[in-house]
Amino acid sequence: MTVQGLFSARANAAAQISAVPRIAIVGRGFSGMMTAIALMKTVRAPFHLQLFDPNSSVSGGQALASARSSTILNTRVRDLSVSVGDNDDFNDWLCSNAAFRAAVPAAIPGFRQIFVPKEIFSDYVYQRFSEALAARRDITVQVCNDPVVAIRRSHGNRFLLESANPANPLFDTVILATGYGLTAPDAGEQEASPVRAQRLVARPHAVLLGSGIRVVDQLLQLRDSGYAGQVTIISRRGFLPQSHTPNSADPVFPAEALPQGLPQIVHFIRQACREAEEAGRSWQSVMNGLRKHARSLWRSLPARDKHQFNRHLRAIYDSHRNRLPEAMHLRLKRELAEGRTVLRRGRAGRRGLSGLFFTPAGSAAEEVIHAERIIDCRCQAPDLSAPLMQSLLSAGLAMPDELSLGLAVNARGEPFLEDGSTVAGLFAVGPLGLGSLPDIDLVPEIVSQAYAAAERVGERFYPQVKAV
(Lines give C-alpha, C1' and ligand atoms only; values in the text may rest on other atoms or scores of the structure.)
Protein backbone atom coordinates (compact mmCIF):
# COMPACT_ATOMS: atom_id res chain seq x y z
CA MET A 1 0.00 0.00 0.00
CA THR A 2 1.37 3.39 -1.02
CA VAL A 3 0.04 6.73 0.20
CA GLN A 4 1.16 10.23 -0.60
CA GLY A 5 0.96 13.74 0.77
CA LEU A 6 -2.55 15.16 0.70
CA PHE A 7 -1.86 17.56 -2.18
CA SER A 8 0.62 15.50 -4.14
CA ALA A 9 0.10 14.69 -7.81
CA ARG A 10 0.25 10.90 -8.07
CA ALA A 11 1.90 10.80 -11.46
CA ASN A 12 4.59 13.28 -10.52
CA ALA A 13 5.29 11.55 -7.21
CA ALA A 14 5.51 8.13 -8.82
CA ALA A 15 7.93 9.42 -11.42
CA GLN A 16 10.13 10.96 -8.77
CA ILE A 17 10.39 7.94 -6.43
CA SER A 18 13.51 6.59 -8.11
CA ALA A 19 15.15 10.02 -8.06
CA VAL A 20 14.78 10.76 -4.35
CA PRO A 21 16.36 9.07 -1.32
CA ARG A 22 14.61 5.91 -0.17
CA ILE A 23 14.23 5.41 3.57
CA ALA A 24 13.10 2.17 5.24
CA ILE A 25 11.76 1.96 8.79
CA VAL A 26 11.56 -1.59 10.19
CA GLY A 27 8.84 -1.57 12.84
CA ARG A 28 5.58 0.36 13.16
CA GLY A 29 5.33 0.53 16.94
CA PHE A 30 5.82 3.83 18.73
CA SER A 31 9.53 4.09 17.86
CA GLY A 32 8.81 3.55 14.17
CA MET A 33 5.84 5.88 13.95
CA MET A 34 7.67 8.55 15.93
CA THR A 35 10.65 8.35 13.59
CA ALA A 36 8.35 8.65 10.58
CA ILE A 37 6.77 11.77 12.08
CA ALA A 38 10.20 13.25 12.80
CA LEU A 39 11.39 12.58 9.25
CA MET A 40 8.34 14.21 7.68
CA LYS A 41 8.64 17.27 9.93
CA THR A 42 12.43 17.62 9.76
CA VAL A 43 13.72 16.57 6.32
CA ARG A 44 12.48 19.49 4.19
CA ALA A 45 13.11 17.89 0.81
CA PRO A 46 11.57 14.95 -1.11
CA PHE A 47 12.05 11.33 -0.04
CA HIS A 48 10.27 7.99 -0.27
CA LEU A 49 9.47 6.20 3.00
CA GLN A 50 8.68 2.50 3.32
CA LEU A 51 7.40 1.04 6.62
CA PHE A 52 7.98 -2.66 7.28
CA ASP A 53 6.18 -4.66 9.99
CA PRO A 54 4.45 -8.07 9.99
CA ASN A 55 1.68 -6.69 12.23
CA SER A 56 -1.30 -5.17 10.47
CA SER A 57 -1.81 -2.30 12.93
CA VAL A 58 -0.30 1.03 11.98
CA SER A 59 0.86 1.88 15.49
CA GLY A 60 1.27 -0.07 18.69
CA GLY A 61 4.40 -1.98 19.59
CA GLN A 62 5.06 -3.91 22.78
CA ALA A 63 4.48 -0.85 24.96
CA LEU A 64 0.98 -0.50 23.51
CA ALA A 65 0.36 -4.13 22.58
CA SER A 66 -2.25 -4.68 25.30
CA ALA A 67 -4.10 -1.45 24.58
CA ARG A 68 -7.65 -1.74 25.87
CA SER A 69 -9.99 0.87 27.24
CA SER A 70 -9.18 -0.21 30.81
CA THR A 71 -5.41 -0.05 30.32
CA ILE A 72 -3.90 3.19 31.57
CA LEU A 73 -0.50 4.52 30.56
CA ASN A 74 1.91 4.89 33.45
CA THR A 75 3.17 8.28 32.24
CA ARG A 76 1.44 11.62 32.69
CA VAL A 77 0.09 13.51 29.68
CA ARG A 78 2.75 16.20 30.15
CA ASP A 79 5.49 13.68 29.22
CA LEU A 80 3.85 12.16 26.14
CA SER A 81 4.13 14.88 23.50
CA VAL A 82 5.44 13.77 20.10
CA SER A 83 6.26 17.37 19.17
CA VAL A 84 9.82 18.28 20.14
CA GLY A 85 9.93 21.61 21.95
CA ASP A 86 6.19 21.59 22.65
CA ASN A 87 5.48 19.61 25.80
CA ASP A 88 1.81 20.61 25.70
CA ASP A 89 1.04 19.09 22.28
CA PHE A 90 -0.71 16.00 23.66
CA ASN A 91 -2.54 18.10 26.24
CA ASP A 92 -3.70 20.48 23.51
CA TRP A 93 -4.86 17.52 21.41
CA LEU A 94 -6.91 16.21 24.34
CA CYS A 95 -8.37 19.68 24.99
CA SER A 96 -9.54 19.83 21.38
CA ASN A 97 -11.32 16.48 21.74
CA ALA A 98 -14.89 17.30 22.80
CA ALA A 99 -15.75 13.69 23.68
CA PHE A 100 -12.69 13.39 25.93
CA ARG A 101 -13.39 16.74 27.62
CA ALA A 102 -16.93 15.59 28.36
CA ALA A 103 -15.67 12.32 29.83
CA VAL A 104 -13.01 13.96 32.03
CA PRO A 105 -14.50 17.31 33.05
CA ALA A 106 -12.61 17.53 36.34
CA ALA A 107 -9.30 18.04 34.52
CA ILE A 108 -10.41 21.13 32.61
CA PRO A 109 -8.77 23.48 31.65
CA GLY A 110 -5.88 21.07 31.12
CA PHE A 111 -4.97 17.40 31.34
CA ARG A 112 -1.21 17.63 31.90
CA GLN A 113 -1.14 15.70 35.17
CA ILE A 114 -3.58 12.90 34.38
CA PHE A 115 -3.03 9.37 33.05
CA VAL A 116 -4.94 8.28 29.95
CA PRO A 117 -5.77 4.94 28.29
CA LYS A 118 -3.19 3.60 25.88
CA GLU A 119 -5.66 3.58 23.01
CA ILE A 120 -6.10 7.35 23.39
CA PHE A 121 -2.35 7.88 23.08
CA SER A 122 -2.21 5.54 20.09
CA ASP A 123 -4.95 7.58 18.39
CA TYR A 124 -2.99 10.76 19.07
CA VAL A 125 0.23 9.33 17.58
CA TYR A 126 -1.57 8.10 14.47
CA GLN A 127 -3.34 11.43 13.96
CA ARG A 128 -0.06 13.33 14.23
CA PHE A 129 1.43 10.88 11.69
CA SER A 130 -1.50 11.46 9.34
CA GLU A 131 -1.23 15.24 9.70
CA ALA A 132 2.51 15.20 9.04
CA LEU A 133 1.93 13.12 5.91
CA ALA A 134 -0.94 15.32 4.70
CA ALA A 135 1.30 18.38 4.99
CA ARG A 136 3.90 16.90 2.64
CA ARG A 137 3.02 16.76 -1.05
CA ASP A 138 6.60 15.91 -2.01
CA ILE A 139 6.93 12.49 -0.32
CA THR A 140 5.37 9.04 -0.63
CA VAL A 141 4.87 6.47 2.10
CA GLN A 142 4.53 2.76 1.44
CA VAL A 143 3.42 0.17 4.05
CA CYS A 144 4.67 -3.41 3.77
CA ASN A 145 3.55 -6.32 6.00
CA ASP A 146 6.35 -8.66 4.93
CA PRO A 147 8.76 -9.46 7.81
CA VAL A 148 12.34 -8.34 7.23
CA VAL A 149 14.72 -11.24 7.89
CA ALA A 150 18.05 -9.69 6.91
CA ILE A 151 19.73 -6.42 5.99
CA ARG A 152 22.67 -6.46 3.60
CA ARG A 153 25.03 -3.72 2.44
CA SER A 154 25.11 -3.44 -1.35
CA HIS A 155 27.55 -1.86 -3.74
CA GLY A 156 27.31 1.90 -3.61
CA ASN A 157 26.75 1.90 0.18
CA ARG A 158 23.02 1.24 -0.08
CA PHE A 159 21.01 -1.37 1.82
CA LEU A 160 19.05 -4.41 0.67
CA LEU A 161 16.22 -5.60 2.93
CA GLU A 162 15.46 -9.30 2.51
CA SER A 163 11.81 -10.25 3.00
CA ALA A 164 9.12 -12.35 1.36
CA ASN A 165 9.09 -9.82 -1.46
CA PRO A 166 12.14 -10.45 -3.65
CA ALA A 167 11.52 -7.19 -5.51
CA ASN A 168 12.41 -4.87 -2.62
CA PRO A 169 14.41 -1.89 -3.89
CA LEU A 170 17.68 -0.68 -2.46
CA PHE A 171 17.46 1.87 0.37
CA ASP A 172 19.73 4.78 1.13
CA THR A 173 18.78 4.80 4.83
CA VAL A 174 17.49 2.03 7.11
CA ILE A 175 16.07 2.75 10.56
CA LEU A 176 15.53 -0.19 12.87
CA ALA A 177 12.64 0.57 15.21
CA THR A 178 11.70 -2.94 16.30
CA GLY A 179 11.46 -2.04 20.00
CA TYR A 180 11.84 -5.30 21.91
CA GLY A 181 11.27 -7.31 18.76
CA LEU A 182 8.62 -7.83 16.09
CA THR A 183 6.16 -10.39 17.44
CA ALA A 184 2.59 -11.26 16.65
CA PRO A 185 -0.04 -9.47 18.77
CA ASP A 186 -1.19 -11.28 21.93
CA ALA A 187 1.62 -13.82 21.63
CA GLY A 188 2.32 -13.58 25.34
CA GLU A 189 -0.60 -15.63 26.61
CA GLN A 190 -0.12 -19.38 26.70
CA GLU A 191 -2.68 -21.73 28.07
CA ALA A 192 -1.79 -24.81 30.07
CA SER A 193 -3.60 -27.95 29.00
CA PRO A 194 -7.15 -26.93 30.03
CA VAL A 195 -8.59 -30.42 30.57
CA ARG A 196 -5.72 -31.70 32.73
CA ALA A 197 -5.35 -28.38 34.57
CA GLN A 198 -9.01 -28.12 35.48
CA ARG A 199 -8.83 -31.54 37.13
CA LEU A 200 -5.93 -30.48 39.37
CA VAL A 201 -6.88 -26.89 40.17
CA ALA A 202 -9.42 -26.66 42.97
CA ARG A 203 -10.45 -23.14 41.95
CA PRO A 204 -9.61 -21.00 38.91
CA HIS A 205 -5.96 -20.06 39.05
CA ALA A 206 -3.95 -17.81 36.71
CA VAL A 207 -0.19 -17.32 36.73
CA LEU A 208 1.28 -14.03 35.49
CA LEU A 209 4.98 -13.88 34.65
CA GLY A 210 6.74 -10.55 35.10
CA SER A 211 7.28 -7.65 37.46
CA GLY A 212 6.58 -4.50 35.44
CA ILE A 213 3.67 -2.38 34.33
CA ARG A 214 2.37 -5.03 31.94
CA VAL A 215 1.83 -7.61 34.69
CA VAL A 216 -0.25 -5.13 36.71
CA ASP A 217 -2.19 -4.18 33.56
CA GLN A 218 -3.00 -7.83 32.94
CA LEU A 219 -4.02 -8.46 36.56
CA LEU A 220 -6.44 -5.54 36.59
CA GLN A 221 -7.83 -6.47 33.18
CA LEU A 222 -8.55 -9.97 34.46
CA ARG A 223 -10.43 -8.52 37.43
CA ASP A 224 -12.29 -6.00 35.29
CA SER A 225 -13.43 -8.81 32.99
CA GLY A 226 -14.91 -10.69 35.98
CA TYR A 227 -12.13 -13.17 36.73
CA ALA A 228 -12.55 -14.17 40.40
CA GLY A 229 -9.90 -16.87 40.67
CA GLN A 230 -6.56 -16.89 42.43
CA VAL A 231 -3.70 -15.09 40.71
CA THR A 232 -0.01 -15.76 41.28
CA ILE A 233 2.57 -13.27 40.04
CA ILE A 234 6.01 -14.79 39.52
CA SER A 235 8.83 -12.26 39.57
CA ARG A 236 12.52 -13.12 39.27
CA ARG A 237 13.54 -10.45 41.78
CA GLY A 238 10.26 -9.98 43.61
CA PHE A 239 9.76 -6.28 42.79
CA LEU A 240 6.59 -4.64 41.50
CA PRO A 241 6.12 -1.06 40.25
CA GLN A 242 5.98 1.72 42.82
CA SER A 243 3.40 4.52 42.80
CA HIS A 244 3.34 7.93 41.22
CA THR A 245 2.53 10.83 43.54
CA PRO A 246 -1.08 12.14 43.49
CA ASN A 247 0.14 15.44 42.07
CA SER A 248 3.00 16.50 39.86
CA ALA A 249 6.47 15.49 41.10
CA ASP A 250 8.63 18.18 39.53
CA PRO A 251 12.18 16.95 38.86
CA VAL A 252 14.80 17.79 41.48
CA PHE A 253 18.38 16.60 41.77
CA PRO A 254 21.35 17.75 43.86
CA ALA A 255 23.48 20.29 42.02
CA GLU A 256 26.83 19.18 43.42
CA ALA A 257 29.27 17.15 41.34
CA LEU A 258 28.05 13.65 40.61
CA PRO A 259 29.98 10.76 42.18
CA GLN A 260 32.01 8.12 40.36
CA GLY A 261 31.56 4.38 40.85
CA LEU A 262 28.40 2.33 41.30
CA PRO A 263 28.35 2.10 45.14
CA GLN A 264 28.89 5.86 45.43
CA ILE A 265 26.15 6.63 42.90
CA VAL A 266 23.65 4.37 44.70
CA HIS A 267 24.48 6.01 48.04
CA PHE A 268 24.20 9.46 46.45
CA ILE A 269 20.73 8.76 45.04
CA ARG A 270 19.42 7.25 48.28
CA GLN A 271 20.70 10.25 50.23
CA ALA A 272 19.06 12.62 47.73
CA CYS A 273 15.72 10.81 48.16
CA ARG A 274 15.94 11.07 51.96
CA GLU A 275 16.78 14.76 51.80
CA ALA A 276 13.93 15.43 49.37
CA GLU A 277 11.39 13.77 51.67
CA GLU A 278 12.77 15.63 54.70
CA ALA A 279 12.26 18.86 52.73
CA GLY A 280 8.63 18.02 52.01
CA ARG A 281 9.14 16.76 48.48
CA SER A 282 9.10 13.14 47.30
CA TRP A 283 11.58 10.50 46.21
CA GLN A 284 9.67 10.43 42.91
CA SER A 285 10.91 13.99 42.25
CA VAL A 286 14.50 12.79 42.64
CA MET A 287 13.94 9.86 40.25
CA ASN A 288 12.42 12.25 37.71
CA GLY A 289 15.45 14.51 38.06
CA LEU A 290 17.83 11.55 37.76
CA ARG A 291 16.72 11.00 34.17
CA LYS A 292 18.58 14.16 33.10
CA HIS A 293 21.84 12.70 34.43
CA ALA A 294 21.33 8.98 33.80
CA ARG A 295 23.32 8.84 30.57
CA SER A 296 26.36 10.67 31.91
CA LEU A 297 26.33 8.47 35.01
CA TRP A 298 26.01 5.34 32.88
CA ARG A 299 28.87 6.35 30.57
CA SER A 300 31.12 6.96 33.58
CA LEU A 301 30.77 3.36 34.82
CA PRO A 302 33.28 0.67 33.86
CA ALA A 303 31.91 -2.48 32.25
CA ARG A 304 32.23 -4.38 35.55
CA ASP A 305 29.90 -1.94 37.32
CA LYS A 306 27.42 -2.02 34.45
CA HIS A 307 27.18 -5.81 34.67
CA GLN A 308 26.75 -5.58 38.45
CA PHE A 309 23.97 -3.02 38.05
CA ASN A 310 22.20 -5.18 35.51
CA ARG A 311 22.38 -8.28 37.75
CA HIS A 312 21.50 -6.76 41.10
CA LEU A 313 20.00 -3.27 40.76
CA ARG A 314 18.13 -2.97 37.47
CA ALA A 315 14.95 -4.55 38.86
CA ILE A 316 14.92 -2.07 41.75
CA TYR A 317 15.63 0.84 39.42
CA ASP A 318 12.89 -0.19 36.97
CA SER A 319 10.32 -0.54 39.76
CA HIS A 320 10.99 3.06 40.80
CA ARG A 321 11.21 4.68 37.35
CA ASN A 322 8.27 2.83 35.71
CA ARG A 323 5.61 3.76 38.22
CA LEU A 324 1.88 3.17 38.45
CA PRO A 325 -0.82 5.82 38.67
CA GLU A 326 -1.83 6.02 42.33
CA ALA A 327 -5.28 4.49 41.76
CA MET A 328 -3.78 1.43 40.04
CA HIS A 329 -1.15 1.06 42.76
CA LEU A 330 -3.86 1.12 45.45
CA ARG A 331 -5.74 -1.64 43.62
CA LEU A 332 -2.56 -3.70 43.41
CA LYS A 333 -1.89 -3.26 47.14
CA ARG A 334 -5.46 -4.27 47.95
CA GLU A 335 -5.13 -7.42 45.79
CA LEU A 336 -1.98 -8.44 47.65
CA ALA A 337 -3.34 -7.54 51.09
CA GLU A 338 -6.52 -9.55 50.58
CA GLY A 339 -4.59 -12.58 49.34
CA ARG A 340 -6.47 -12.87 46.05
CA THR A 341 -3.14 -12.18 44.35
CA VAL A 342 0.15 -13.60 45.60
CA LEU A 343 3.63 -12.44 44.63
CA ARG A 344 6.24 -15.19 44.51
CA ARG A 345 9.92 -14.56 43.93
CA GLY A 346 11.79 -17.07 41.86
CA ARG A 347 12.41 -18.49 38.43
CA ALA A 348 9.68 -19.67 36.06
CA GLY A 349 10.61 -22.84 34.22
CA ARG A 350 9.03 -25.01 31.57
CA ARG A 351 5.31 -25.46 31.17
CA GLY A 352 3.77 -28.82 31.98
CA LEU A 353 0.41 -30.43 31.26
CA SER A 354 -1.12 -28.96 34.39
CA GLY A 355 0.72 -25.73 34.97
CA LEU A 356 4.18 -24.26 35.41
CA PHE A 357 7.42 -25.57 36.91
CA PHE A 358 8.78 -23.02 39.38
CA THR A 359 11.98 -22.70 41.42
CA PRO A 360 11.57 -20.40 44.46
CA ALA A 361 14.34 -17.92 45.21
CA GLY A 362 16.94 -19.42 47.54
CA SER A 363 15.92 -22.98 46.75
CA ALA A 364 17.15 -25.59 44.30
CA ALA A 365 13.93 -27.63 44.53
CA GLU A 366 11.50 -27.30 41.65
CA GLU A 367 7.76 -27.36 42.25
CA VAL A 368 4.67 -27.26 40.06
CA ILE A 369 2.19 -24.40 40.24
CA HIS A 370 -1.10 -25.77 38.93
CA ALA A 371 -2.95 -23.24 36.78
CA GLU A 372 -5.41 -23.27 33.91
CA ARG A 373 -3.99 -20.03 32.51
CA ILE A 374 -0.39 -18.80 32.18
CA ILE A 375 0.26 -15.34 30.79
CA ASP A 376 3.76 -14.06 30.06
CA CYS A 377 3.85 -10.31 30.76
CA ARG A 378 7.62 -9.88 30.67
CA CYS A 379 9.15 -7.22 28.43
CA GLN A 380 11.79 -9.22 26.62
CA ALA A 381 15.12 -7.72 25.65
CA PRO A 382 15.78 -7.51 21.91
CA ASP A 383 16.70 -10.93 20.59
CA LEU A 384 20.20 -10.60 19.15
CA SER A 385 20.00 -14.19 17.91
CA ALA A 386 17.08 -13.37 15.60
CA PRO A 387 17.96 -13.60 11.89
CA LEU A 388 17.56 -9.86 11.35
CA MET A 389 19.97 -8.98 14.16
CA GLN A 390 22.39 -11.73 13.18
CA SER A 391 22.55 -10.40 9.61
CA LEU A 392 23.75 -7.05 10.95
CA LEU A 393 26.24 -8.53 13.40
CA SER A 394 27.73 -11.04 10.97
CA ALA A 395 28.08 -8.39 8.26
CA GLY A 396 29.90 -6.05 10.64
CA LEU A 397 27.19 -3.40 10.42
CA ALA A 398 26.59 -3.33 14.20
CA MET A 399 27.79 -4.87 17.44
CA PRO A 400 26.15 -5.75 20.78
CA ASP A 401 26.38 -3.32 23.66
CA GLU A 402 28.49 -4.17 26.71
CA LEU A 403 25.61 -6.03 28.37
CA SER A 404 24.25 -7.65 25.18
CA LEU A 405 20.88 -6.04 25.91
CA GLY A 406 20.74 -4.74 22.35
CA LEU A 407 22.93 -2.84 19.91
CA ALA A 408 25.67 -0.39 20.87
CA VAL A 409 24.46 3.01 19.64
CA ASN A 410 25.11 6.72 20.06
CA ALA A 411 22.51 9.32 21.05
CA ARG A 412 21.21 9.53 17.45
CA GLY A 413 20.77 5.77 17.32
CA GLU A 414 23.69 5.14 14.95
CA PRO A 415 25.17 1.69 15.71
CA PHE A 416 28.82 1.66 16.75
CA LEU A 417 31.39 -0.57 15.11
CA GLU A 418 34.41 -2.14 16.79
CA ASP A 419 36.64 0.81 15.90
CA GLY A 420 34.15 3.36 17.27
CA SER A 421 32.91 4.46 13.85
CA THR A 422 29.34 4.21 12.55
CA VAL A 423 27.79 3.05 9.28
CA ALA A 424 26.35 5.95 7.31
CA GLY A 425 22.62 5.57 6.79
CA LEU A 426 21.92 2.93 9.47
CA PHE A 427 20.05 3.72 12.72
CA ALA A 428 18.54 1.78 15.63
CA VAL A 429 15.94 3.93 17.40
CA GLY A 430 14.28 3.18 20.73
CA PRO A 431 14.70 0.16 23.06
CA LEU A 432 17.21 -1.54 20.75
CA GLY A 433 19.76 0.81 22.34
CA LEU A 434 18.76 0.29 25.98
CA GLY A 435 22.17 -1.08 26.94
CA SER A 436 23.84 2.10 25.67
CA LEU A 437 21.26 4.75 26.54
CA PRO A 438 19.38 4.50 29.85
CA ASP A 439 15.63 5.23 29.63
CA ILE A 440 15.58 5.03 25.81
CA ASP A 441 12.42 2.94 26.25
CA LEU A 442 10.52 6.02 27.55
CA VAL A 443 8.51 8.36 25.33
CA PRO A 444 10.43 11.65 25.86
CA GLU A 445 13.77 9.96 25.16
CA ILE A 446 12.45 8.18 22.05
CA VAL A 447 11.02 11.47 20.74
CA SER A 448 14.35 13.27 21.20
CA GLN A 449 16.29 10.45 19.56
CA ALA A 450 13.88 10.22 16.61
CA TYR A 451 14.32 13.91 15.83
CA ALA A 452 18.12 13.64 16.22
CA ALA A 453 18.16 10.73 13.76
CA ALA A 454 15.90 12.63 11.34
CA GLU A 455 18.19 15.65 11.44
CA ARG A 456 21.16 13.41 10.65
CA VAL A 457 19.28 11.91 7.68
CA GLY A 458 18.50 15.38 6.38
CA GLU A 459 22.11 16.52 6.75
CA ARG A 460 23.34 13.47 4.86
CA PHE A 461 21.14 13.80 1.80
CA TYR A 462 20.37 17.49 1.72
CA PRO A 463 23.29 19.31 3.39
CA GLN A 464 22.28 22.55 1.72
CA VAL A 465 18.72 22.39 3.13
CA LYS A 466 18.37 23.58 6.71
CA ALA A 467 16.31 21.26 8.93
CA VAL A 468 13.44 22.85 10.84
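**Figure 1. Salt bridge between Arg136 and Asp138 in the predicted model.** Asp138 counts as partly exposed, at 28% relative accessibility. The model shown in this and the other views is a prediction. The partner of Asp138 in a salt bridge is Arg136, and the closest N and O atoms of the two lie 3.0 Å apart. Arg136 has a relative accessible area of 3% and is buried.

**Figure 2. Salt bridge between Asp217 and Lys118.** The two side chains meet with an N to O distance of 3.0 Å. This pair links distant parts of the chain, 99 residues apart: Asp217 belongs to helix α7 (residues 213–224) and Lys118 to helix α5 (residues 118–134). Asp217 is buried at 3% relative accessibility. Lys118 is buried as well, with a relative accessible area of 4%. The count of salt bridges in the model comes to 24. Among the residues joined in a network of salt bridges are Arg223, Glu335, Glu338 and Arg340.

Figure 3. Glu414 forms a salt bridge with Arg412, with 2.8 Å between the closest N and O atoms. Glu414 is buried, with a relative accessible area of 4%, whereas Arg412 is partly exposed at 34% relative accessibility. Glu414 also lines the largest cavity, together with Thr173, Ala424, Gly425, Phe427, Arg456, Val457 and Arg460. The space in this cavity is about 40 Å³, and the count of cavities of 30 Å³ or more comes to one. Helix α15 (residues 443–461) gives the largest share of the lining, three residues. By class, the lining of the cavity holds three nonpolar, two polar and three charged residues.

Figure 4. Leaving out residues up to four places away in sequence, Met34 touches Val82, Ile446, Val447, Ala450 and Tyr451.

Figure 5. Helices α9 (283–290), α10 (294–300) and α15 each supply at least two lining residues. Of the elements that contribute, α15 gives the most to this lining, with five residues. By class, the pocket lining has 10 nonpolar, 10 polar and 10 charged residues.

**Figure 6. Packing of helix α12.** The buried residues of helix α12 (residues 314–321) are Arg314, Tyr317, Ser319 and Arg321. These buried residues pack against α9, α10 and α11 (303–312). Helices α9 and α10 also supply residues to the lining of the second largest pocket. In the protein chain as a whole there are 15 helices and 16 strands. Buried residues make up 50% of its 468 residues. Of the contacts in the chain with a separation of 6 or more, 72% are between residues 24 or more positions apart.

Figure 7. Ser404 is a residue other than glycine with a positive phi, near 60°. Its place is in the loop between α14 (387–394) and β16 (426–428). Ser404 is partly exposed, with a relative accessible area of 45%. Asp439, also not a glycine, has a positive phi near 70°. The loop that holds Asp439 runs between β16 and α15. Asp439 is buried, with a relative accessible area of 2%.

Conventions
Residues numbered from 1 in each chain as written. Predicted model: local features only at pLDDT ≥ 70, side-chain atom pairs only at ≥ 80, totals over all residues. Heavy atoms only, no water. Salt bridge = Lys/Arg side-chain N within 4 Å of Asp/Glu carboxyl O. Helix = DSSP H or I, 4+ residues; strand = E, 2+ residues; numbered from the N terminus. Buried < 20%, exposed > 50% of the residue type's maximum accessible area, 1.4 Å probe, protein only. 1 Å grid on protein atoms, 1.4 Å probe; cavity = no way out; pocket = protein on both sides within 12 Å on 5 of 7 lines; lining within 4 Å. Points joined across faces, edges and corners; volume = space filled by probe spheres on them. Nonpolar A, V, L, I, M, F, W, Y, C, P; charged D, E, K, R; others polar. Contact = heavy atoms within 4.5 Å.
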